[in-house]
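Welcome! Let's walk through this protein one piece at a time, with the 3D view open beside the text.

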Amino acid sequence: MPLDAKYPSLAELRARAKQRLPHFVWEYLDSGTGADTAVARNRAALDRITLMPSILHGELDYDTSVEFLGFRYDMPVGIAPVGMSGLIWPDAERLLARSARKAGINYTLSTVASQTPEDLQSCIDENAWFQLYTPRDPEVRRDILRRAKVAGFKALVVTLDLPVGSRRERQARSGLTQPPKITPRIFAQCAIRPAWSIAMALNGMPRMRLIDDYAPKMTKGMTPNSHAGYQLRTSPDWHYLNATRDEWNGPLIVKGVLNVEDVKPLEKAGVDAIWVSNHGGRQFDGAPAAINVLPGIRAATKLPLVYDSGIAGGLDILRAVALGADLVMLGRGWHYALGALGREGPNHLAHVLREDLKSNMGQMGLKTVADSRNRVVASGV
C-alpha cells in the first residue's frame, strides 16, 4: 500500500509510532510536563484559528518558499531541535539532516543530541542551525560554538526557556533514565517492540555525545530521569546572552519567548530573530498557548519570528504564518515519522506537509504563504 494511502497525515504517523516504540521511548517523545495541559492548550488554541477561503482564482502557481535571515527555504517549515533524537531511531540526527537537505528546509541540531556537530558535517547544507543549551562554563560554551561553526552550522539558536529543568512526570513514571539503562522493566517494554529493539541492538543505545565530551563522570545527586546536560547547564541572564552574542559570528536566534515585554530588550541585545515557543508544553504546564501570544509579539517587533508548539500539518503552518510567524518549526512531528517508518519517515512527512500546505493554500486562493496574513477570521486569542 502506498505511504500516502496508509499515512496521509501526521496523525497516522503518530499512531504508528506509538505502536512501534517501547513505552518509555514513547513517553519521552510524546509527553509534556505536569498534567499535559499546556500541550492540550496549544492544540485547542490552534483549532480556534479560522482562515477565510476564497474562490475564482483559476489555476494557481503555488510558491511555498520563504526567505529568513538571508536563507532560502522551499517551505516555511523546519525541523526543531529535539534532544536525544537517537532514542527514537538509530542515526536519527543524520537522517533528519539529510531529509531537511533533500526537502530544502531547515534542520536544527540540539546540544543534547545523540550525535555531535562533527558527525553531521557531511549531511548539512547552508540551511542548518545549531541550538545551544547554555553551559555554565564560558570555556565550554566557546568551544561548543567553535565546533558548531567549523562543522558548518550557519545560525545559532539559544534556548532561554529552561531556567530550571522541568519534571516531565510521564517520563519518570515510564522508567526512563538518562542515559537509558536496560532494567528488567525496560527490557520487558523492549521485548514487545521488536523493530525498535533490533535496530537499537545493531547500533547501541544512544548517548549525548557532545555533552559526554565535557560532562564530569560523576552524576551524584541527579534524579534518574535527569541527564548529564543539567550538570553543565546554567540559568542564563542578560549578561550571558550578551556574551554569547559577542562570541557567535553569525545570525543569533533566541528560543522560548512568550512575554512581549522581553521583545525590546532582546532587540537591544542584538539578536537577529525571536523564536516564539512554550517548548511544546514540555517545560511549564501553566504557560499560555504559544499561538495566542504570537500576534502581540509580531506587533511589538520587526525582527523575523520563528514559531513552534502544537503544529500538526499544513493548515497549522498557515495559521502561524497568518498570525505573524516567518518560519514554523516542528519537533515531535518529525520524530513521530521516524518512529513510524524509520529512515523513510522524515521524507514522507516532508511530502505530506508540502501537499497539505499547497492544498490549503489552494482553498484560500494564496500564491504565497505570506498572503495568508490578511485572511484571519478569528484567532481565538
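## A strand with neighbours

Strand E10 (residues 305-307) and strand E11 run parallel and are joined by two bridges. Strands pair if DSSP finds at least two bridges between them. Val-306 stands opposite Leu-327 in E11. From E10 the chain crosses through helix H15 (residues 314-322) to E11, a right-handed β-α-β crossover. Right-handed here means that, with the strands pointing away from the viewer, the path from the first strand over the helix to the second runs clockwise. E11 also pairs in the parallel sense with strand E4 (residues 77-79), over three bridges. Within that pairing, Gly-78 has Met-329 as its bridge partner.

In a regular strand the side chains alternate between the two faces of the sheet. Are the faces of E11 (residues 327-330) covered or open? Both are covered: Leu-327 and Met-329 are buried on one side, and Val-328 and Leu-330 on the other. Buried means under 20% relative accessible area, exposed over 50%, and partly exposed in between (1.4 Å probe, protein chains only).

## How to read the model

This is a predicted model: local features need pLDDT of at least 70 and side-chain atom pairs count only at pLDDT 80 or more, while totals for chains, interfaces and linings use all residues. Residues are numbered from 1 along each chain as its sequence is written, and side-chain values use heavy atoms, leaving out hydrogens and water. Helices (H or I, at least four residues) and strands (E, at least two) are DSSP runs, numbered from the N terminus.

## A helix with a buried side

Now find helix H14 (residues 290-300), where the buried residues are Ala-290, Ile-291, Val-293, Leu-294, Ile-297 and Arg-298. They lie on the same side of H14 because they cover an arc of only 150° around the axis. That arc is taken from the directions from the helix axis to the C-beta atoms. Among the elements covering these residues are helix H4 (37-47), strand E8 (252-257), E10 and H15.

## Two loop residues

Leu-56 sits in the loop between strand E1 (50-51) and strand E2 (66-68). Its phi is positive, near 60°, in a residue other than glycine. Is Leu-56 buried or exposed? Leu-56 is exposed, with a relative accessible area of 83%.

His-279, in the loop between E9 and H14, has a positive phi of about 60° although it is not a glycine. At 10% relative accessibility, His-279 counts as buried.

Terms used: Contact = heavy atoms within 4.5 Å.
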